[in-house]
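The sequence and structure are shown below.

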Amino acid sequence: MKSRFAALGLAVLAGTGLLAACGGSGKSSGGDDTQVRLGFFPNITHATALVGVQKGFYTKYLGKAPKTLTFNAGPAATEAVFSGAVDATYVGPNPAINAYAKSHGQAIKVIAGAASGGASLIVKPGIKSAADLRGKKIATPQLGNTQDVALRYWLKQQGLRTDKNGGGDVHIMPQDNSQTLQSFEQNQIDGAWVPEPYASRLILEGKGKKLVDETSLWPGGKFVVTLLIVRTEFQKEHPDLVKKLLQAQVESTDYINSNKPDAEKAANTELQALTGKPLKQEVLDSTFKNVTFTDDPIASSLNGSAQHAEQVGLLDHVDLKGIFDLGPLNEVLKAKGEPAVSSS
């Protein structure tokens, strides 16, 4: 993993140079009509984006619909940032940390939070404790993604060894979330540490049970599961568009928290457009109950995630000072009479 991210770090520097050579427009003015390329996942933990797209909030503020790209897990999303394929993307904390570390703080900035909670370890009913996981196969979305790190760290705390190749006391098998339910039902895996809606689907459709709710592992039950990051070069060239993107983000968050039934419907409609299949109502209700939607990046938990990645050997020590740029978000929040968020 370290060598892979080191290679990606080199790609960042090459990629940003290439983008500049391809005609960066320089600092933009209020009349900027650049189409923003926005990434997110077809997960309820990314409902801020799902609802924002479906209800037209991004189009309202940006002046035109963003070009959207979807990803299964954070490492793939940050690779798209490195290559210049997206300008901003919703992503989990660990891939954001890796992107910042391997580019020596040059590639990305965290400009907002989006969601807290909504990740769990779901297992077969016969598994009663961590000890029962010895020799079992557990899925995560992708090696080095947020849930992958959370699982490896928790297993280490339980005295269970893992490695990056699926060996050790517990065999971790990274796979697309869309495949996890089928793998679980066909007994190809014994469990999965996944975000919503997949955690609820494994319970309600796969007849699994929740062994660990990640909220139980963090102070006050609060931990960031989704952030909004921006490509630094884009932020420098288009600060007005970044602020408009944040205005859309804040409106989407407020809408979700004020209009939960309609927000659920909007998110499900967008999921159906992306995946070809809507969520069942019971799954939808469960997922929204398990996720808190907030613009606060819950900075303390981002630092905690970095420490966890270090302890499981997926990240060298990194100084996260400078990873946040919350000034534009706080300007937007102040204009709406909402409290500011902190980077500490």
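## Backbone geometry, cores and a helix contact

Asn-187 lies in the loop between helix H7 (177-185) and strand E8; helices (H or I, at least four residues) and strands (E, at least two) are DSSP runs, numbered from the N terminus. The model is predicted: local features need pLDDT of at least 70 and side-chain atom pairs count only at pLDDT 80 or more, whereas totals for chains, interfaces and linings use all residues. Residues are numbered from 1 along each chain as its sequence is written, and side-chain values use heavy atoms, with hydrogens and water left out.

Most residues other than glycine have a negative phi, and most peptide bonds are trans.

| Residue | Phi | Relative accessible area |
|---|---|---|
| Asn-187 | near 60° | 57% |
| Ile-298 | about 45° | 13% |

Asn-187 is exposed, whereas Ile-298 counts as buried; buried means under 20% relative accessible area, exposed over 50% and partly exposed in between, for a 1.4 Å probe and protein chains only. Ile-298 is found in the loop between strand E11 (291-293) and helix H13 (299-311).

The peptide bond between Glu-196 and Pro-197 is cis, with omega about 10°. Pro-197 is placed in the loop between strand E8 (191-195) and helix H8 (198-204).

The largest nonpolar core holds 95 residues, of which Ile-44, Leu-133 and Leu-228 touch the most other members. H10 gives the most to this core, with eight residues. A separate second core has 10 residues, including Ala-139, Ala-192, Val-194 and Ala-199. Such a core is a set of buried Ala, Val, Leu, Ile, Met, Phe, Trp, Tyr and Cys residues joined through side-chain atoms within 4.5 Å.

Helix H10 (residues 239-258) also packs with helix H11 (residues 260-275): their axes come within 5 Å and cross at roughly 120°. Axes are lines fitted to C-alpha atoms, for helices over the stretch in contact, and angles run from 0 to 180 degrees between N-to-C directions. H10 and H11 are therefore oblique to each other, since angles under 35 degrees count as roughly parallel, over 145 as roughly antiparallel, 65 to 115 as roughly perpendicular and the rest as oblique. Tyr-255, Ile-256 and Ser-258 in H10 meet Lys-260, Asp-262 and Ala-263 in H11.

How values were computed: Contact = heavy atoms within 4.5 Å.
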